[in-house]
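Reader: I am new to reading protein models. Can you show me how to go about it, one feature at a time?

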Amino acid sequence: MKNIELFRNSLKKFLPEERIITDEFRRLAYGTDASFYRLIPEIVLIAENENDVIKIIKSSNEFHVPITFRAAGTSLSGQAVTDSVLVVISRSWKNYSIAEDAAFIDLQPSVVGAFANLYLKKHSKKIGPDPASINSAMIGGIAANNASGMCCGTAQNSYNTLKGMRIIFSDGFVLDTRDKKSISEFIFKKKDLVDKIEMLSSSVKDNSELADRIRAKFKMKNTTGYSINSLVDFSDPIDIIQHLMIGSEGTLGFISEIRYETIYESPFKASALMIFDSIHSACKAVPVIKKNKVDAVELMDRAALHSVENKKGMPEYLKTLPETAAALLVETSGKDIQQLEDFVSSICEGLKDFVFLVPLNFTSVKNEYETFWKIRKGLFPSVGAMREAGTTVIIEDVCFPLIKLADAAIDLQRLFRKYNYNEAIIFGHALEGNLHFVFNQDFNTEKEVSRYKAFMDELVKLVVNKYDGSLKAEHGTGRNMAPFVEYEWGNQAYRIMQEIKNIFDPKNLLNPGVLLNTDKNIHVKNLKPMPAAHEIVDKCIECGFCEINCPSKDLTLTPRQRIVTLREISRLKSTGENNAKLNTFIEQYNYFGNQTCATDGLCQLACPVDINTGTMIKEIRSEKISKTADSVASLIADNMDIVTEVMRKMLLTVNFIHKILGSKTMQFLSDLFRKISFGKIPRWNKFFPTSADKILLDSNKVSELKVVYFPSCIARSMGVTVNSDTDKSLTTVTINLLKKAGYEIIFPENLNKLCCGMPFASKGFVKQGNQKSVELLSALIKASDEGKYPILFDTSPCLQRIKEFIEKKNKTFYNALKIYEPVEFILDFVIDKLDIEKKNKPIALHITCSSRKMNLEEKFKQLASKFSDEVIIPAEVGCCGFAGDRGFTHPELNKSALKDLKNAIPNDCHEGFSNSKTCEIGLSEHSGIEYRSIIYLVDKYSKEKK
Ligand SMILES: Cc1cc2nc3c(=O)[nH]c(=O)nc-3n(C[C@H](O)[C@H](O)[C@H](O)COP(=O)(O)OP(=O)(O)OC[C@H]3O[C@@H](n4cnc5c(N)ncnc54)[C@H](O)[C@@H]3O)c2cc1C
Ligand code: SF4
Ligand code: SF4
């Protein structure tokens with residue numbers, strides 16, 4: 001038996017089968033990261049805790065099988081891919097704790113960087129490292145890559161803000177550097193390792209030339225090779241060891257927890273977009289600016305500015321700048337306004353001898369400076385989005401001594417021209433001399449690969465020989481720069497790095513081939529194919545930013561993985577190389593890719609190139625529709641009044657049975673029927689609604705204040721749950737609230753036949769979806785007297801659907817009709833007409849995907865805060881995955897998406913609010929508290945104004 005098979009068999013003793021993934025489809029999907037390398041793991045393991053990792057490491061030792069750890073997989077240099085065993089940690093390891101004075105935070109490795117900052121926000125603190133990928137990247141990856149960004153420089157990166165770490169070594173031994181007992185035990189039991197590290201450190205310190213060179217090179221951002229600065233910066237071996245782990249890219253051990261010193265976040269900020277006549281003068285200004293208190297100085301060359309100048313909201317003058325121009329985006333901040341003004345004047349004073357093409361002006365107006373930062377953040381995607389299908393976008397990351405930055409930037413531009421990378425743009429963290437450049441690369445032909453290789457060879461020489469810079473400033477060495485580590489560092493330092501690897505991982509089982517690699521061509525091997533698959537997703541750069549928003553990420557696939565597997569299906573179709581594999585992939589895609597996509601489109605919110613994978617899935621669904629299904633959908637669409645009435649009757653019957661049988665028996669029977677019907681019968685839960693009240697509108701007083709109220713088909717058929725403290729349906733409560741606020745209510749004509757069309761469109765029934773939207777639109781136009789009166793929808797997703805539809809199909813009415821969902825309407829037009837009583841109890845909120853897409857998060861919080869001082873919005877809970885009726889047919893999606901909900905809700909919180917009935921059913925089941933529309937909250941705690 002092969003070692004890998006023996007290894008796999010050994011895993012079965014401690015890992016459940018579903019966490020040992022061996023099918024090719026998912027190995028490909030889970031094996032992909034953001035780099036342009038493709039290695040497919042033999043096995044993917046889902047590790048949930050330290051015990052799992054220790055046992056996996058021990059088995060890897062026993063059978064000599066290499067392993068690679070994976071956090072969010074946003075690495076760019078090939079350090080998170082493997083053809084051996086991939087250990088995925090991103091589904092668990094999310095705990096954190098903050099010191100009483102918030103001076104430090106302890107974080108498990110799968111906490112997303114941005115969440116750590118969210119937890120620290122109320123203390124006016126943040127973590128130091130700030131990669132641009134912070135909204136997706138996880139702490140394990142941030143620390144193991146020593147990732148950094150616009151503000152943190154070298155002073156606040158992981159290396160310099162590290163206060164402690166829990167490490168699992170290559171033999172499974174655990175050291176907690178925050179615990180004296182653990183340290184003593186480590187020093188005693190791992191004496192050999194400790195001695196070797198001490199000796200290595202002494203030998204480097206004794207070699208003053210080498211020690212000085214290491215210190216000098218780490219004054220710049222540098223992630224080429226290991227953090228050998230720890231050998232000269234510290235004398236305590238424990239300190240050296242934990243700092244060596246930073247930037248070690250999973251090759252020395254596993255980071256199981258990390259303690260970061262926290263950074264004070266100044267609340268008052270101002271930014272200026274400074275336009276210079278040349279990149280040379282922009283770079284010359286950087287050292288002058290650096291003398292002041294500045295948080296970020298971002299350089300953008302003319303090509304970079306060109307790439308965004310036509311985007312919405314960009315200043316007009318960008319288009320008129322000469323071809324030589326360049327910009328610096330500068331941000332400063334202060335603890336109060338006075339301090340901020342002092343910093344701004346000091347920066348401006350220092351720059352008085354520089355010539356600006358646009359008058360220098362700092363702004364502290366949030367909207368204005370956010371526009372500037374949009375320019376900067378839009379650069380990478382703008383190049384990615386312009387590339388041809390089938391090609392890759394490459395982002396490089398070099399660093400130069402600051403005083404040589406101007407010449408280096410010009411040399412880089414020359415190099416692009418020489419190798420015909422005409423679309424290449426330069427931007428970067430100028431304060432640190434760290435430049436990124438982005439260009440498109442085709443890896444489909446030998447000729448193109450050779451062009452890239454020749455370019456890289458020349459780049460390496462330029463950075464190392466001419467400028468003594470670093471080849472990777474912040475993205476990590478990976479496989480991409482591994483062949484050049486020795487070239488950059490020289491033989492002596494390289495040997496020290498090899499020795500470090502040997503001391504920590506003598507069997508070379510932890511991520512071998514990454515960071516150090518003797519193959520001089522490894523950077524151009526195993527290149528990832530990017531075949532065209534579907535026009536909606538062809539621009540995908542596989543960055544993985546969308547994964548965090550996806551409700552199916554821990555169940556089946558993420559959006560990135562849906563795209564990766566579809567690309568492979570497309571490749572297999574075009575080459576015809578393996579039909580059996582193609583058929584298996586198509587079959588697996590049906591459940592993993594198609595059926596378990598909630599089509600909520602939240603992936604788009606995080607996507608730098610604006611891809612909505614859900615839209616693609618809807619198109620795939622529509623291609624699969626049979627004639628019979630199409631006819632049935634049309635029949636339903638034509639008879640919505642009958643359908644909603646039948647649904648009401650069915651709910652009435654189901655609840656009658658529930659009352660007789662009780663919740664437990666009902667649940668048992670429902671699960672049983674579902675099982676024996678192979679999942680065809682929808683699943684019932686105790687929060688299943690009763691039927692809705694009939695809509696009755698008595699005493700609708702005539703009033704100047706008029707509103708068109710459109711109750712969704714769901715609200716017209718589904719009422720509250722059986723155990724609710726009220727028996728009033730949403731429609732009754734909404735009518736009551738509107739009347740209290742003095743509104744005269746107008747219902748659209750033929751209300752019972754109307755529907756926004758979403759239930760059809762989300763299943764791929766485009767024709768029927770459009771038919772219902774058209775009908776609803778004309779009813780709304782009439783009822784609102786062509787936009788004279790506002791229109792209220794009680795269900796947020798329906799509102800979003802109809803708004804998108806009108807925007808696409810009828811711009812005139814898009815501008816004329818004023819359509820609102822409950823939160824916005826109540827906040828803007830109802831609340832001031834009522835007397836509010838504050839409820840002194842915590843409440844949970846769930847912001848639906850549609851509300852998030854319509855930017856209503858803040859308004860949601862604002863409205864809820866009028867009723868409670870403690871509003872809980874669990875950070876780790878995104879889309880609930882209920883997806884209209886998918887929660888009934890695929891309850892596993894809802895369950896997986898809401899697995900963290902219950903723990904995030906404090907024991908004294910007994911009520912939850914949202915604005916979509918079907919989402920509320922799943923939220924109630926998985927939280928254990930009842931979720932209802934926020935309209936219930938407002939209605940319950942408000943009275944007519946006296
Ligand atoms: C569009 C884009 C922009 C980016 N911008 C930046 C930027 O501004 N600055 C920057 O520095 N980087 C940037 N990156 C690169 C990347 O996002 C960061 O380096 C990030 O920190 C990687 O984190 P991750 O969670 O994705 O880690 P992964 O990619 O999953 O892993 C990174 C490495 O850490 C190892 N690892 C993961 N967890 C552990 C653990 N618990 N113990 C030991 N080893 C572990 C892995 O084996 C791997 O070698 C960018 C990437 C993209 C796609
Ligand atoms: S869909 Fe967008 S966010 Fe997701 S991997 Fe592709 S480019 Fe990145
Ligand atoms: S639409 Fe939703 S479920 Fe589908 S890929 Fe996007 S985020 Fe995931």
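**Helices, sheets and a ligand shell**

Author: Start with a pair of helices. Helix 8 and helix 11 are roughly perpendicular to each other, because angles of 65 to 115 degrees count as such. Their packing angle is about 85°, and the axes lie 10 Å apart. Keep in mind that this is a predicted model.

Reader: Which residues of helix 8 and helix 11 make the contact?

Author: Helix 8 brings L193, V194, I197, E198 and S201. Helix 11 brings P237, I240, I241 and L244. By class, the contact residues are seven nonpolar, one polar and one charged.

Reader: Now sheets. How do strands hold on to one another?

Author: Strands of a sheet pair through backbone hydrogen bonds, in a parallel or an antiparallel way. Take the open sheet of five strands, ordered 5-6-10-8-9, with antiparallel pairing. Strand 5 (96-98) and strand 9 (174-176) are the edge strands, and each pairs on one side only. Neighbouring strands here are turned by 15° against each other on average, direction ignored.

Reader: How many bridges join strand 6 and strand 10?

Author: Four, in the antiparallel sense. Strand 6 spans residues 104-107, and strand 10 spans residues 254-261. As an example of partners, I105 is bridged to Y260 in strand 10.

Reader: What is the order of strands in the open sheet of four strands?

Author: The order is 21-19-22-23, and the pairing is parallel. Strand 21 (744-746) and strand 23 (819-820) are at the edges with a single partner strand each, so one side of each has no neighbour in the sheet. Helix 29 (residues 730-740) packs on this sheet and touches strand 19 (706-710), strand 21 and strand 22. The direction of helix 29 makes about 175° with that of strand 19. Strand 22 (residues 791-793) pairs with strand 23 over two bridges. There, L792 has Y820 of strand 23 as its bridge partner.

Reader: Which elements make a right-handed β-α-β unit?

Author: Strand 27, helix 40 (residues 917-927) and strand 28. The two strands, residues 911-914 and 930-933, run parallel and are joined by four bridges. F913 has R932 of strand 28 as its bridge partner.

Reader: Last, the ligand. Which residues surround ligand 3?

Author: Among them are C550, P551, R562, C597, D600 and C603. Helix 21 (559-575) and helix 24 (613-623) each give two or more residues to this shell. The shell around ligand 3 divides into six nonpolar, four polar and two charged residues.

Methods
Residues numbered from 1 in each chain as written. Chains lettered and ligands numbered in written order. Predicted model: local features only at pLDDT ≥ 70, side-chain atom pairs only at ≥ 80, totals over all residues. Heavy atoms only, no water. Near = heavy atom within 4 Å. Nonpolar A, V, L, I, M, F, W, Y, C, P; charged D, E, K, R; others polar. Axes fitted to C-alpha atoms, helices over the stretch in contact; angles between N-to-C directions. Parallel < 35°, antiparallel > 145°, perpendicular 65-115°, else oblique. Contact = heavy atoms within 4.5 Å. Pairing = 2+ DSSP bridges. Right-handed = clockwise from strand over helix to strand, strands pointing away.
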